[in-house]
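Please keep the sequence and the structure in view while reading.

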Amino acid sequence: MVCGGFACSKNALCALNVVYMTDVINASWWVMSNKTRDELERSFDCCGLFNLTTLDQQDYAFCTAVCKSRSPTCQMCGEKLLKHSDEALKILGGVGLFFSFTEILGVWLAMRFRNQKDPRANPSAFL
């Protein structure tokens with residue numbers, strides 16, 4: 001189903017709660033290659049995803065991020081990704097609302113000026 005404007009952006013952003021985002025991040029983490037995970041851990045300076053299972057703990061053991069050399073515990077990548085995605089969704093929501101209001105303004109202007117008569121036209125002509 002196609003939606004447009006304010007209703008779509010509001011509903012789509014409200015549907016993305018923390019539990020859903022955690023599931024999406026968890027599913028995408030295990031689909032990534034090891035090289036991609038290493039690059040992500042280095043760029044976000046974090047280790048592991050949420051470290052809840054034995055697979056997560058094994059992933060944490062092979063982490064090559066800088067934070068691991070500084071301290072024995074690093075911040076988990078899942079927390080950083082949730083924070084980063086939350087900020088991105090807030091920006092996306094603002095952009096969506098901006099375009100929704102410009103669409104409403106465009107509809108109002110089209111309705112307002114659509115049926116006006118041309119002032120240069122012949123007043124006795126049938127319009």
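Predicted model: local features only at pLDDT ≥ 70, side-chain atom pairs only at ≥ 80, totals over all residues.

The partner of C46 is C77, and the two are joined by a disulfide with an S to S distance of 2.0 Å. C46 lies in the loop between α3 (34–44) and α4 (54–61), while C77 belongs to helix α6 (residues 77–113). A disulfide is a covalent bond between the sulfur atoms of two cysteines.

C77 is likewise buried, and its relative accessible area is given as 1%. As for the geometry of the bridge, the torsion about the S-S bond of C46 and C77 is about 95°, and the disulfide is therefore right-handed. A search of the whole structure returns one disulfide.

The protein contains six helices and zero strands, and read from the N terminus the order of elements is α-α-α-α-α-α.

Turning to the chain as a whole, 23% of the 127 residues in the protein are buried. Among contacts with a separation of 6 or more, 55% come from residues 24 or more positions apart. The accessible surface of the protein amounts to about 9600 Å², and carbon and sulfur atoms hold 65% of that area.

Technical notes:
Residues numbered from 1 in each chain as written. Heavy atoms only, no water. Helix = DSSP H or I, 4+ residues; strand = E, 2+ residues; numbered from the N terminus. Buried < 20%, exposed > 50% of the residue type's maximum accessible area, 1.4 Å probe, protein only. Contact = heavy atoms within 4.5 Å. Areas by Shrake-Rupley, 256 points an atom, 1.4 Å probe, with all protein chains shown as cover. Disulfide = S-S within 2.5 Å.
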